[in-house]
Amino acid sequence: MIAITGGGTGGHLVIARAIKEELNRRGIKPIYIGSTAGQDKAWFEHDAGFEKTYFLESQGVVNKKGVRKLLVLFCILRSAFTCKTLFKKHQIDALFSVGGYSAAPASFGALLCGIPLYIHEQNAIQGKLNSLLRPFCKAFFSSYDPKAIHTSYPVSEAFFTIQRERTTLKTIIFLGGSQGASFINALAQKMAPLFHQEGIAIIHQTGQKEFEAMKAFYVHAGIPADVFDFSKEIPAKLALADFAISRSGASTLWELCAAGVPALFIPLPHAAANHQYFNAKALADQNVALILSQSSAFEPKALLEQIQQLDLLSTSQRLMQMIQKGGAKEIVDVMLQTQKKEKPC
Ligand SMILES: CC(=O)N[C@H]1[C@@H](OP(=O)(O)OP(=O)(O)OC[C@H]2O[C@@H](n3ccc(=O)[nH]c3=O)[C@H](O)[C@@H]2O)O[C@H](CO)[C@@H](O)[C@@H]1O
């Protein structure tokens, strides 16, 4: 039996879902261990692809100080012992972690039990928990790190199905990551009138917090736009888009590659170790993406011209070559081949 852990935000959870789906295709129903905080419950609480789901108390340690930090660490340790019991109950042979604070209890629990731990790092710069656990894991997967087991990013097949070459800028999509991005919403308010004048249609994922305000903005400005807070139909939205203005969360970035949608990335400046910048830089270094720093001033007309000057066709062709189907299959193959049976839990 396999357990999957980790999450907190959509970028982590989408990998957990891809691995779960690949296991389901092979007749395996894993269990899931996530957190009561973040988006874990919303994504998986009622997911029938899991044998059972558990949500334990866990929070990030990184930004905590003093007594608060000690309390969080104690909480993780207590939950790690809960996981030990769960592993025994479900006879877990292997744990797959997508990282993030919600992965901490089960990962430490696995180490306590001697259960092989497999880690997927989504980003170009590895997270704190993943760095700590990497020396003890059975395999470490990444689409960036040459020293890791290199696999194609496990993007859902749906993004390959809608793959097409882009030739003309007819529709633009604003993407703020799983929680939306205030900066991208503000930028959209400056750019939308220009796109509208050029006859470019707009799709805009705002996040929950600013959804009403952004919807009102488009209505007042008289600009027709497909505005939504969060959608389960991102592949259908990307299918229509010829260009994206987006945060560079790893999952979104690779989905854009798979779909062949060229993008201007605006990395989240506060992401740990600036990893969103390095995610986008890996593409920009190969001339297949534009980057705009959130702290640099920009002139909307100049930005529009920069986007319009991009060679959409060759960029979208090269993006599609950067990722292959079957990333989740590659990971599950390694996991099942190396899995050990003897468990001293
Ligand atoms: C604030 C934060 O911590 N961000 C991190 C988080 O990003 P975040 O959670 O924003 O994740 P990504 O942008 O990587 O992925 C978002 C996922 O949610 C999906 N989606 C998004 C919007 C929507 O309406 N519907 C929908 O289904 C996307 O298709 C994608 O699969 O995890 C990523 C992967 O570790 C990191 O690179 C990011 O830095």
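Start with α3 and α4, which cross in a right-handed sense. Keep in mind that you're looking at a predicted model. To find the pair, select residues 66-89 for helix α3 and 104-113 for helix α4; their axes come within 7 Å and cross at roughly 60°. That angle makes α3 oblique to α4.

Now show side chains where the two helices meet. On the α3 side, pick Ile76, Ser79, Ala80, Thr82, Cys83, Lys84 and Phe87; facing them from α4 are Ala104, Pro105, Ala106, Phe108, Gly109, Leu112 and Cys113.

Next stop: the annotated positions. Select Thr9, Gly10, Gly11, Asn123, Ser178 and Gln276, which an unreviewed UniProt entry lists under "binding site".

Zoom in on Gly11 from that list. It sits in helix α1, residues 10-25. Is Gly11 buried or exposed? It counts as buried, because it has 25 C-beta neighbours inside 10 Å and 20 or more is enough for that label. Leaving out residues up to four places away in sequence, Gly11 touches Gln122, Gly177, Ser178, Gly249, Ala250 and Ser251. One of those, Ser178, is also on the UniProt list.

Finish at Asn123, in the loop between β5 (117-121) and α5 (128-133). Asn123 also counts as buried, with 25 C-beta neighbours inside 10 Å. Which residues does Asn123 touch, not counting those up to four places away in sequence? Select Ala250, His275 and Asn279 to see them.

Definitions and conventions
Residues numbered from 1 in each chain as written. Predicted model: local features only at pLDDT ≥ 70, side-chain atom pairs only at ≥ 80, totals over all residues. Axes fitted to C-alpha atoms, helices over the stretch in contact; angles between N-to-C directions. Helix = DSSP H or I, 4+ residues; strand = E, 2+ residues; numbered from the N terminus. Parallel < 35°, antiparallel > 145°, perpendicular 65-115°, else oblique. Left-handed = near helix turned anticlockwise from the far one by under 90°. Contact = placed C-beta atoms within 7 Å. UniProt positions renumbered as here; feature names shortened; annotations may be inferred. Buried ≥ 20, exposed ≤ 12 C-beta atoms within 10 Å, placed from the backbone.
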